[in-house]
Every structure is written in C-alpha cells, then in structure tokens.
Protein chains: 2
Amino acid sequence: MAAGTRDRILDTALSQFVARGIDGVTVTDLEHGAGLAAGSGSFYRHFRSKDDVLSAVVDREIDRAASRRSAEPVGGSLEDHYAWALDNLHRMRALIALLVKDGARLPHLDRVQTVLAEGGTRIDAVDLADRMARGEIPVRDADAVAAVVLFAVVGHHLAERFFGGTLGVDRERFAAALASLVSS
Amino acid sequence: MAAGTRDRILDTALSQFVARGIDGVTVTDLEHGAGLAAGSGSFYRHFRSKDDVLSAVVDREIDRAASRRSAEPVGGSLEDHYAWALDNLHRMRALIALLVKDGARLPHLDRVQTVLAEGGTRIDAVDLADRMARGEIPVRDADAVAAVVLFAVVGHHLAERFFGGTLGVDRERFAAALASLVSS
DNA sequence: GTCTATAACCAGATAGAC
DNA sequence: GTCTATCTGGTTATAGAC
C-alpha cells in the first residue's frame, strides 16, 4: 500500500530537514524526494507553503513521541531508569535534531520542549533525595547530583547525534556506570 | 582603537552565524553589521565569498580555543579540573553552537571536534584508570566513567541552551558534585 | 576602500492546460 | 493531481566611478 503524496512529502521533509536544516531544503528538493517532478509546483496542491509543511511535520512528530512513549518504570533500579531515559531520547532524536538545529524557528516550540521533558529528561531530584534518606545511596547534594545525571544523559545523546561518537561506550554501559557512580 | 573592517566583519559574522545559522545570514547582513552600506559589495574587498568568511571565522575560533587550552592547570584536584573544563567549554560556546547548528557544513570539522573534545575535558580514561590503580578513587569501568564525565560537562552547556536552565546548579556546585561522585 | 548600479541566479509561489 | 511555464523577490557576486 503506497503512501499518499501528502505523506510522502511529510516523510521526505522530516528526513531532509533533520539532515540539512530547514533553510538547506528547497521546495524542489521536497518534490523530488516525494517522487514529483522537480520544480513543478505540485507541492502546493498539498501544502500552502514551506512553513506549512514544517508545521505539519512537527505536529506529527509530537503526536508520535507522545503516543509511543514507553511507560516510565516505577520503583525500578537506577540503572533501568537511566537506560529508559536514554532510549526515550533516542526515539525522539528527529524532534531533538529539529529543536537544536532550528529551534528558534520551530512552530509549537513550547509543546516540543514539554514532550521532550516528559519523555526523556525528567530525572528527579526528589527521587534521589528519597533514596538518600532511605540509605539506598550515599548522601550527597541531591540537586547537584540530579543535574549531573540529567546533563550526562542529555550529553550522551547529543554527542551520539552531533559530535560523531560516544567514545565507544554504548547506552547500557553508560547507564550502568552512571548508576554505579550515584549508588556508591 | 577601532578594529579594521575585516575584523569587524569577522566579529559580526560569528555572532550572526551563531544566532541565526549560516543560511539565515546574508552578505548584506554582514555588511550592515560591520558598518558598511547594506547591499554594497564592499564585503568582497575583504573576503572572496560567504564560505570564505565562514572558514576564517572557524579558523579564528579554533585558534582562540587552542590558545586558551594551554592555560589548563596541571596536577590539581578532580574538582578544580572539572571546574576548569566547564569554564573552558563556556568560553567555546560560540564554536559549539556553530557545530550543533551547521555541523555538516563547517570547514575543518575534524579540527573543531578535536579542539572541543580536548578543551571540554582532559579527564581521559587513562588518567582515571591511574587514579583507580593508586587507590585514589574507587575502581569502576574507567572508559564508561570518563564518558559520563565528558558528557555531563558537555551536556551542562547544551542542555542549558536547548532545554532551558541548569536547575539552579552553578558551575562550581556542578563540578563539586561530579568530583564527589567519581571520588567515592 | 567604499560606494552606486546591476548582472546572474535561485527560491518560493502562482496560473492554467491536461 | 500533476504537469509546463512563469512571475516575483531576494541573494551572491561583479563592474566601474570616486
């Protein structure tokens, strides 16, 4: 079942925007990527403008991120929790790439940031403080430790995406080391 | 002592490229930012093309980052070292923004990545393994711990820029928490 | 070195035949 | 819905006077 032209435009727009930025992609590029004649205005039978297709792309990715978000494990180990956060960030990598490349120009910027915060970056200082109070992990500056963990997770993801590598440390190993540091 | 026109073009090019991306800045914008008549071709008396000024901007930032890097303190505590790395990354924020926004189009991409990796943290896995062998810090997966430290430091910057805020944890407190985690 | 003026080109967008 | 053809405007880059 071949996707309709509108969906093919959305698909090629997402991948091209992520790869080359919004300004790096022309309407002609989108037509070509969707199997339409390059330079024909056929694009405009499906979207009113380039901004219009950008808005549709972002809306679709927000819906996808919200719907396929796996349930956050409750009461699990720290390691599982960190692995979950890294996986979620990886699933939302297209949206993250759009945000960091063209953040200021994105429509629904607040909704994008909300979805990302809920899906990947909520590492709770309160949870850490609870574990410290129960003697589960050593007592440290809980807010500062939460910040270290959050930025380590985000940094790992962004490095994977933008800096060409993670020093050979995959997500599982990274999560394990993070849990080891916090736990003792 | 007013800077020459060439330097003023470089200064405005750096700040405008960082703010709006390479494609978001026209040669006319650069002329205006450098105090030249907008739309006059005076820019071309100083640079052959827009790519040429981009290359000059990146070269200058690489040189600046490299010269700052030599100011690294030697033989200090882990905490001092992490604080130094955070300050250094903060000074290189323009280069980081260029890399994230327009990475694929940057000239000397490999040199940019090398400078940032060296300037962001010198805590390599070998140094950590040495400290572990001497009993200075607990024995853990040295490569993975080095990755956590590097990405925490880098993420502290990137997350502030793209996800909003540092959770109220300043650089000194962040460095102290990072050192505490690695040291015990 | 800077200006006015403009050439050459490319991108977003529209009109109308089929 | 897709095409050919075109308009309009903005961008890079050059020519030549001062």
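## Domains and fold of chain A

The C-alpha centres of domain 1 of chain A and domain 2 of chain A lie 33 Å apart, in what is a predicted model. According to the domain assignment, domain 1 of chain A covers residues 5-47, while domain 2 of chain A covers residues 73-183. The contact between them draws five residues from domain 1 of chain A and six residues from domain 2 of chain A. On the side of domain 1 of chain A that touches domain 2 of chain A, four residues are nonpolar, one is polar and none is charged.

The secondary structure of chain A consists of nine helices and zero strands, and the pattern read along the sequence is accordingly written α-α-α-α-α-α-α-α-α. Taken along the principal axes, the C-alpha atoms of chain A fill a box of roughly 65 × 35 × 30 Å. Of the 184 residues of chain A, 39% count as buried. Among the contacts in chain A with a separation of 6 or more, 62% are made by residues 24 or more positions apart.

G21(A) is placed in the loop between α1 (5-20) and α2 (27-33) of chain A, and it counts as buried because 23 C-beta neighbours lie inside 10 Å, where 20 or more are required. Although G21(A) and D102(A) are separated by 81 residues in sequence, their C-alpha atoms are 6.9 Å apart in space. Not counting residues up to four places away in sequence, G21(A) touches K101(A) and D102(A) of its own chain, together with G21(B) and D23(B) of chain B.

H108(A), in the loop between α5 (93-102) and α6 (109-120) of chain A, has a phi near 55 degrees, a positive value in a residue other than glycine. Since H108(A) has 13 C-beta neighbours inside 10 Å, it counts as partly exposed. L167(B), in the loop between α8 and α9 of chain B, has a phi near 60 degrees, which is likewise a positive value in a residue other than glycine. With 17 C-beta neighbours inside 10 Å, L167(B) also counts as partly exposed.

## Pairing of the two chains

Chain B is superposed on chain A by a rotation of 178 degrees with 0.4 Å of shift along its axis, and the RMSD is 1.1 Å. That is the relation of a two-fold axis.

Across the interface, 40 residues of chain B are in contact with 43 residues of chain A. The elements that contribute two or more residues to the side of chain B that touches chain A are α5 (93-102), α8 (142-164) and α9 (171-183) of chain B. Of these, α8(B) supplies the largest share, namely 16 residues. By class, the side of chain B that touches chain A divides into 23 nonpolar, 11 polar and six charged residues. The copies meet through the same surface, because 100% of the interface residues of chain B are also interface residues in chain A.

In soluble globular proteins, nonpolar side chains tend to be buried together. In this model the largest nonpolar core has 110 residues, and those that touch the most other members are V145(A), V148(A), L178(A), V145(B), V148(B) and L178(B). Leaving aside neighbours within four places in sequence, L178(A) is in contact with Y82(A), V149(A) and A152(A) of chain A and with V148(B) of chain B.

Note on methods. Residues are numbered from 1 along each chain as its sequence is written. Chains are lettered from A and ligands numbered from 1 in the order in which they are written. This is a predicted model: local features need pLDDT of at least 70, side-chain atom pairs count only at pLDDT 80 or more; totals for chains, interfaces and linings use all residues. Copies are superposed by least squares on the C-alpha atoms of residues with pLDDT of at least 70 in both. Two residues are in contact if their C-beta atoms, placed from the backbone, lie within 7 Å. Helices (H or I, at least four residues) and strands (E, at least two) are DSSP runs, numbered from the N terminus. Ala, Val, Leu, Ile, Met, Phe, Trp, Tyr, Cys and Pro count as nonpolar, Asp, Glu, Lys and Arg as charged, and the others, Gly among them, as polar. Domain bounds come from an automatic or database domain assignment. A residue is buried if 20 or more other C-beta atoms lie within 10 Å of its own, exposed if 12 or fewer, and partly exposed in between; C-beta atoms are placed from the backbone. A nonpolar core is a set of buried Ala, Val, Leu, Ile, Met, Phe, Trp, Tyr and Cys residues joined through C-beta atoms within 7 Å.
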